[in-house]
Amino acid sequence: MSWFESLILGLVQGLTEFLPVSSSAHLRLTAAFSGWEDPGAAFTAITQIGTEAAVLIYFRKDIGRIISVWTRSLFSKELRGDHDAQMGWLVIVGSIPIGVLGLLFKDSIEGPFRDLRITATMLIVVGVIIGIADRLAARDEDGGRHRAPKQRKDLKDLGVKDGLIFGFCQAMALIPGVSRSGATISGGLFMGYRREAAARYSFLLAIPAVLASGVFETKDALEGGHVAWGPTLFATVIAFASGYAVISWFMKWISSKSFMPFVWYRIALGIVIIALVAAGVLSPHAAESAG
């Protein structure tokens, strides 16, 4: 991988990680459209550490408070009913599905799931799902001619069952084209949560999964020696900087805007990919980068 490739791929990772468009799909597609080798699941996992560092800094007050109260609640019964202590447990519970499924389907995630036809299909299907969820949320928020606006749930209403459902939605993002934020936020909207609440829990929930995946892939890469470390670390820094800018914008934007621009973009991109693969312009498969 060249330094120029790492610059572009790092920007793509940072710009798409928090948007409901699938960063793993865009990394795969950027390489395919540019004629580069597939950067691979290891590159994706390692550079996601950069974007998660952006989450850690952006939500540092929330994270610090949750960790502090959760830790103290282990020794103090009085704190166990505190919302922040419960959030600590809910992030742990919600992380279980992606951890289990990630280990069970590791070979598929790094191989067959990276087929561009699967990516395109997921872009379209999940795009439609996001659109339906967005419309349901808008109907509740706006009310109607004969119906008052409906109060949607906040994070204080989050329980173990909803946390696990969020977790299974996040686990779907193991397939390129799904989108971690798109799957978890739309899942939250279907369960009746406000957009900001669903997005906030989505980003907090991603921290353990992404950091664990990044550490796991880094360990494998160190043992296997199949990663170009200089360009990969450079891409991780670029992903951090661009990711922080995007998350700052997205958290403001999501409170009042519709997801429909992302829905139409996903559907259009999926159709273009299917057409290009069918025409033989793009190969559905790509060789894993050897570093």
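I began with Asp62 and Arg65, which both lie in helix H4, three residues apart, about one turn of the helix. Helices here are DSSP runs of H or I with at least four residues, strands are runs of E with at least two, and both are numbered from the N terminus. I noted that the model is predicted, so that local features need pLDDT of at least 70 and side-chain atom pairs count only at pLDDT 80 or more, while totals for chains, interfaces and linings use all residues. Residues are numbered from 1 along each chain as its sequence is written, and side-chain values use heavy atoms, with hydrogens and water left out.

**Salt bridges**

I looked up the Asp62 and Arg65 side chains and found a salt bridge at 3.4 Å, N to O. The term requires a side-chain nitrogen of Lys or Arg within 4 Å of a carboxyl oxygen of Asp or Glu. By this rule the count comes to 10. Asp62 counts as buried at 16% relative accessibility, and Arg65 as partly exposed at 38%. Buried is under 20% relative accessible area, exposed is over 50%, and partly exposed is in between (1.4 Å probe, protein chains only). Asp62 and Arg65 also belong to a salt-bridge network with Asp84 and Arg200.

I then checked Arg195, which pairs with Asp134 in a salt bridge, the closest N and O atoms being 2.5 Å apart. This pair links distant parts of the chain, with Arg195 in helix H10 (residues 195-224) and Asp134 in helix H7, 61 residues apart. Both Arg195 and Asp134 are buried. Arg194 forms a salt bridge with Glu196, with 3.1 Å between the closest N and O atoms. Arg194 is partly exposed at 25% relative accessible area, and Glu196 is partly exposed at 25%.

I found Ser181 in helix H9, buried at 2% relative accessibility. A polar atom of its side chain lies 3.3 Å from the backbone oxygen of Phe18 and 3.1 Å from that of Leu19. Not counting residues up to four places away in sequence, Ser181 touches Glu17, Phe18, Leu19, Pro20, Ser186, Ser202 and Phe203. Contact means heavy atoms within 4.5 Å.

Most residues other than glycine have a negative phi. I listed Ser22, whose phi is positive at about 80 degrees. Ser22 lies in the loop between helix H1 (3-16) and helix H2 (23-34), and is buried at 2%. Ser179 has a positive phi of about 90 degrees. Ser179 sits in the loop between helix H8 (160-171) and helix H9 (180-190), buried at 4%.

**Val55**

I placed Val55 in helix H3 (residues 40-58), buried with a relative accessible area of 0%. Beyond its neighbours within four places in sequence, Val55 is in contact with Phe18, Arg60, Ile63, Phe203, Ile207 and Ile247.

**Confidence**

I read a chain average pLDDT of 86, with 93% of the residues scoring at least 70. pLDDT is the predictor's confidence in each residue, from 0 to 100. Confidence is lowest in helix H6 (residues 106-110), at a mean of 74, and highest in helix H4 (residues 60-73), at 94. Over residues 287-291 the pLDDT is below 50, and this stretch has 18 contacts in the model beyond near neighbours in sequence.

Methods: Polar contact = N/O pair within 3.5 Å; in protein donor to acceptor, adjacent residues only side chain to side chain.
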